[in-house]
Amino acid sequence: MSGQDTEDRETAGSAGGYAAPARWEWDQAAGRGLFSPHWETLLDLPAGSAAAAVSLQPLYDQMHEDDLVLFREDLAAVTSGSRPGLDIPVRMRRRDNTWAWILLQGKALPPEEGPGRVAGIALEISRLRLDKRFFPPTFGDSLSSFQSLLDNSPNFIMRCDRELFPFYINPALERLVGCKLGDLGSKRSLEVGLDPAYLAFLHEHVNNVFATGETHRTRRTILTRSGPLVGEFCLWPEFSEDGATVRTVMVQIQDLTSQVRQGHLLRLNEMRASALYDLSQMHDASEEELMGFVARQIALLTGSEYGHIYIPQSRLHDQGYTLWAVDNRSSREPGDPFIWKESHPGGLEKNYGRKATVCNDPEAVPSRYFFGDKSTVSRYMFAPALEKGAVACVAAVYNKAADYEEEDLRQLERFINGAWPVLRRQGYVDALEKAKESAVRANAVKDRFLANVSHELRTPLNGLLGMLQIIASSENLAPELREYVHNANLTGRTLLRIISDILDFSRMQAGALVLDIAPFDLRQTLTSTMEIFRNEAEKKRLALDCVLEGEFPSRLRGDEARVRQILFNLLGNALKFTHQGGICLRCAMQPPARGEKRRLHLSVSDTGIGIPRKMQAAVFDAFTQIQTAGVRRHQGTGLGLGIVRQLAEQMGGSVSLESLPGKGTTVYCTICLEAVPEKRPLSSARKTSRTKEKEENQPPLVILVAEDDRVSQVAMRLFLQRQGHSVFCVENGRQALEALLLYPFDCLISDVLMPEMDGLELTRRIRQGLWNGVIPGPALRKALPGGLPDRGAPPWSIPADLPIVSASAHAMHGDREHFLRAGMDFYLSKPLNATELARVLACVVARRSGRSETPPPAQA
């Protein structure tokens, strides 16, 4: 470096060389201006341009737009008198389009010289240096303030030559490089504490400023002793006295690390929130699709090359399930243990604990290969999602370009803990679907079990009650024995009611009870149900009344059997717990609102034992009875009121009660029914008389009975023979087909569940004519016709329209409809009732005689 250069450094910025002040006078009110010839020197303008400027517009045009607004505000304040004088530096454009710093100083002229007039001088201050020797004396003590501003600036500031030799370094930069200006000696400033890449960058931009004389701005991340720093660099020239030669360069570095980091975190947080939202909307995605999405997102969120999700307890894989976020690189199936051995030599148990881990040390990361020989591990990070203290899911990422930071780990932890509930929810959804399928299967098994229980219980009851009915109908039965038979029949009916209640309650609990809606006569239902309890009430010397309030339509639409069941349970309970006084059934029909069903209000009042207040809510629960002192005094399952409540609710109504111990109880029940158009039906007396006449006067039938239970066979034969019919019994459907080929029976009464061939298969073959190849056995040939009326010699063809009556112990809801759809004409449930059997056979006779009478509905 030459001696002249050294001298220049020591004497640069002497007070000489400044352009003379340019005088000006402005009349702001008139918009006119006067400028001295020095304006031309000040801004390097053409000769004569100052004299030609007779308005303020050239001044505004030449001024920098960032300074123009402030200048106008200050000028207006001076002319208005709110400010004593003008003192403002502005930038103005020279003829070569470079900018000159001009200090404008002035004051308002006296009012007598004209309002709005300001006069002053303009000084060029572009050559001012930071050193106090280069500040003009007009600034007074501003130099020390400016020096203090630089020294206390949080930005890093340096003044240097093209070799980066420092003339000034502020304290912030000294702290950054770890060295003070006085300690540098002959060293270059940025060779201390900064890396070579940054020195090359700084050399390049300083040289550009020296070459062009223009200000340069740029942003760059540099490595310092404290770590990476994102800086906004501003380099501007410091000219010599001639205004053309760049002597030094000012370098200012504004630390944007915190701002950039905050912006980066904000973008990551937005990215994480968006990914978690998208994940929550993947309702129909499989577990593999959800895991793949999460694995891709953790790799993107942390800037990693690879990522994977591991679920130790997967519903799809007993040994856990791993899914990698890679594109076309996986050479092994997910969950291959060898991958774990490659990526985690210490083993899964050692590496995947309850704490998150970051590993950036190349010496600590094994040089193992992923996916064959396509990639190695350079650094990794993983974070577990915990559930009840155990590792439920692990998210791991690998091979970020730079070291993983704490913020990367926080993002990974937050994301996997937000994503795990969604992954777990998918497992719950699948588990619920499996549970639903299991429940459906269990429900089907339960339905089959209930149907079998119903059949197996009703079959022996059919024989028992059938025989009791036959014995009770004997004319020569002694009074004492008749009483015994009557009591046995009541016991059997009670058992049948208990079985029906249990089965009905089970169906209600399973939601399998469906109402059978059809027109029925409410008055007849009320009357016939009351008659059931008439004899028992008379024996207990209780009054039994029915009061109908208001008008009742003759027919309503609803499930008559369930309405009858409600009445039966309410009246039965009242009769059971009442020992003196009486029972009253009250019925009222609410007028219908437009478009609504009619509400039937029922109440059953008794003068029985009553119910304590604390027990009144419990009596509607299953298997609950009112007991005294721990002693069970009354029979029954305790299901009656529970069934009533569920039936009423299913019919759109409700049940409540009022009771006083020792005084009695009133149960209120409301149900909804639909009115049907009024017809003119026969009176109940005429209908009963006509039905009875038909039953008594009907011609005898020759009936084939297919029944595998021997006691039920005997009971059925005696029922039919006492009604005047001829009967032949077989034990299964195959024997029934053979018997029909040997004799032309008028009617077939068949059980459904029988060995070898059941009643449904028997019906199908009759209806479709599938009896070819059936050969009657010798025993059956010998037994037929066996006392039956002579109708000719066999073989006979089996008519496809043969009347078939189902007599089955299958009495669950839907059984009747199922049997009728299968081709049977009538349905009777076991235990059989002789009266119902007679009514069905009357319909068979009517059909054979060609009368188009509508048969009564099949009885359940």
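Q: What percentage of the residues in the chain is made up of buried residues?
A: A residue is buried under 20% relative accessible area, exposed over 50% and partly exposed in between (1.4 Å probe, protein chains only). Of the 860 residues in this chain, 44% are buried. The model is predicted: local features need pLDDT of at least 70, side-chain atom pairs count only at pLDDT 80 or more, and totals for chains, interfaces and linings use all residues. Residues are numbered from 1 along each chain as its sequence is written, and side-chain values use heavy atoms, leaving out hydrogens and water.

Q: How many helices and strands does the chain have?
A: Both are DSSP runs numbered from the N terminus, helices being H or I with at least four residues and strands E with at least two. The chain has 25 helices and 29 strands.

Q: At what angle do helices α21 and α22 pack?
A: Axes are lines fitted to C-alpha atoms, for helices over the stretch in contact, and angles between N-to-C directions run from 0 to 180 degrees. Helix α21 (residues 733-742) packs against helix α22 (residues 759-768) at about 30°, and their axes are 9 Å apart.

Q: Which residues make the contact?
A: Contact means heavy atoms within 4.5 Å. From α21 come Gly 733, Ala 736, Leu 737 and Leu 740, and from α22 come Leu 762, Arg 765 and Ile 766.

Q: How many disulfides does the structure hold?
A: A disulfide is a pair of cysteine sulfur atoms within 2.5 Å. The structure holds zero. Cys 359 is buried at 11% relative accessible area, and Cys 729 is buried at 14%.
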